[in-house]
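Please keep the sequence and the structure in view while reading.

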Amino acid sequence: MKLHRLTLRLQSPLGTPLAGPTLFGQLCWIRHDGWGAAALSDWLSDPARMWRVSDGFPHDFLPKPLCSSPARQESGQTARRSEDFKARKKLVFVQRDQWLAHRESWDEAEIPLAAMRKDPSLLRRLAHNVVDRHGRGTLDEGGFFFTDEDWRFTSPGRAEDALVDIYVEAAAPQDEIADMFAALGESGFGRDASTGRGRWRVEAITADKALADGGPAAAPSARRMTLTRGILTPETMHDALWRVQPHFGRTGPRLALAGTSPFKRPVLLIEPGATFTPANDGPFGRWITGVHPERPEIGLNGLHIAIPFRPAGKAGEAAA
């Protein structure tokens with residue numbers, strides 16, 4: 001399994017967030033439509049070689065890892081931490097070069113505030129008419145519902161926000177990965193794809209050895225940070241620090257139009273940026289079954305891309 005970094009240029013608003021499990025689910029439909037149902041079944045038959053797909057991150061940024069703050073004795077250091085704690089609390093992404101530069105001894109207080117950012121999503125709330133299903137037009141009373149769309153890339157002078165990085169860990173050629181994401185961007189991702197939402201083109205794909213290898217930080221004693229939202233498996237992910245996120249999956253229009261309920265059961269996943277100490281070489285997380293009330297074969301990809309780093313104060317533990 002190799003780690004690849006895709007850079008996508010968004011070309012229309014997103015009706016659905018770029019969540020890893022949702023991306024993987026739509027890639028399954030791309031494989032089904034291009035290679036057939038048997039090819040999809042074979043693709044999903046072995047979780048050990050199943051693709052791991054991250055969320056979409058701002059270009060050249062990575063999630064901020066969840067870590068316990070190292071103890072400080074100097075009063076000046078303590079005061080400085082108190083002053084900028086509130087400012088840092090809402091900053092969830094770190095510039096990639098800063099992340100790599102500090103991965104051997106991660107201390108958030110050493111990261112310049114200018115190298116961190118909030119979630120850059122720019123939500124627009126749109127009103128829609130509710131249609132009377134008996135063919136009598138729109139409802140006169142209570143006839144509106146609202147949906148949120150991400151319009152971040154429409155901001156004047158913010159063309160860089162149209163670029164999104166997605167990480168894929170897979171034993172597949174780069175061309176195959178790029179082609180599948182390009183096909184998904186052409187057909188449209190997520191809600192309202194039929195009306196032009198969720199379109200992109202693949203700007204670049206590269207093998208990400210720098211992030212995957214880790215150098216000295218990849219020692220067995222090092223912690224890992226996940227780039228994906230997935231399942232916490234205590235047997236392989238020890239001493240985890242994480243935030244939980246409810247995930248409401250859908251089956252997609254192909255099954256829904258055939259009479260199957262479009263709603264999967266909600267599941268609780270841990271967010272990107274969660275950290276843990278690995279108990280072995282993985283895999284971390286797992287494929288989840290039983291997420292649909294009518295179709296037991298439908299699952300959810302809760303596997304993690306876990307990259308190594310070492311929190312401050314841990315550098316000497318491997319030699320101890």
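**Backbone angles and a cis bond**

D239 is a residue of strand β12. Its phi is near 50°, a positive value in a residue other than glycine. The model is predicted, and the points below are grouped by topic.

- Most residues other than glycine have a negative phi, and most peptide bonds are trans.
- D239 counts as exposed because its relative accessibility is 60%, where the cut-off for exposed is over 50%.
- D60 is not a glycine either, yet has a positive phi of about 70°.
- The position of D60 is the loop between β3 (57–58) and β4 (61–63).
- With a relative accessible area of 35%, D60 is partly exposed, since that class lies between the limits of under 20% for buried and over 50% for exposed.
- The peptide bond that joins G282 and P283 is cis, with omega at about 5°.
- P283 belongs to the loop between β15 (275–278) and β16 (285–288).

**An open sheet**

- Strands of a sheet pair through backbone hydrogen bonds, either parallel or antiparallel.
- In this model, 4 strands make up an open sheet, and their order is β12-β15-β11-β18.
- The pairing in this sheet is antiparallel.
- Strands β12 (237–241) and β18 (306–309) are at the edges; each has a single partner strand, so one side of each has no neighbour in the sheet.
- From one strand to the next, the twist averages 35°.
- Strand β11 (residues 223–226) is joined to β18 by 4 bridges, and the two run antiparallel.
- M225 has I307 of β18 as its bridge partner.

**An enclosed space**

- Rolling a probe the size of a water molecule over the atoms shows where empty space is left.
- The count of cavities of 30 Å³ or more comes to 1.
- The volume of the largest cavity is about 40 Å³.
- Its lining consists of G20, P21, F24, V53, T228, R229, N301 and L303.
- Of the elements, α1 gives the most, with 3 residues.
- Sorted by class, the lining has 4 nonpolar, 3 polar and 1 charged residues.

**A buried histidine**

- H247 is located in strand β13 (residues 244–247).
- H247 counts as buried because its relative accessibility is 6%, and buried means under 20%.
- Apart from neighbours within four places in sequence, H247 is in contact with A19, P21, T22, R229, R265, P266, V267, L269 and L300.
- P21 and R229, both among these contacts of H247, are also among the residues that line the largest cavity.

- E104 sits in the loop between α4 (96–102) and β6 (116–117).
- The relative accessible area of E104 is 28%, so E104 is partly exposed.
- E104 and G313 are 209 residues apart along the chain, and their C-alpha atoms are separated by 10.0 Å.

Terms used
Residues are numbered from 1 along each chain as its sequence is written. This is a predicted model: local features need pLDDT of at least 70, side-chain atom pairs count only at pLDDT 80 or more; totals for chains, interfaces and linings use all residues. Side-chain values use heavy atoms; hydrogens and water are left out. Two strands pair if DSSP finds at least two bridges between them. Axes are lines fitted to C-alpha atoms, for helices over the stretch in contact, and angles run from 0 to 180 degrees between N-to-C directions. On a 1 Å grid over the protein atoms alone, a cavity is a set of points where a 1.4 Å probe fits but cannot get out, and a pocket is an open set with protein on both sides within 12 Å along at least five of seven lines; lining residues have an atom within 4 Å of a point. Grid points are joined across faces, edges and corners, and a volume is the space filled by probe spheres set on the points. Ala, Val, Leu, Ile, Met, Phe, Trp, Tyr, Cys and Pro count as nonpolar, Asp, Glu, Lys and Arg as charged, and the others, Gly among them, as polar. Buried means under 20% relative accessible area, exposed over 50%, partly exposed in between (1.4 Å probe, protein chains only). Contact means heavy atoms within 4.5 Å.
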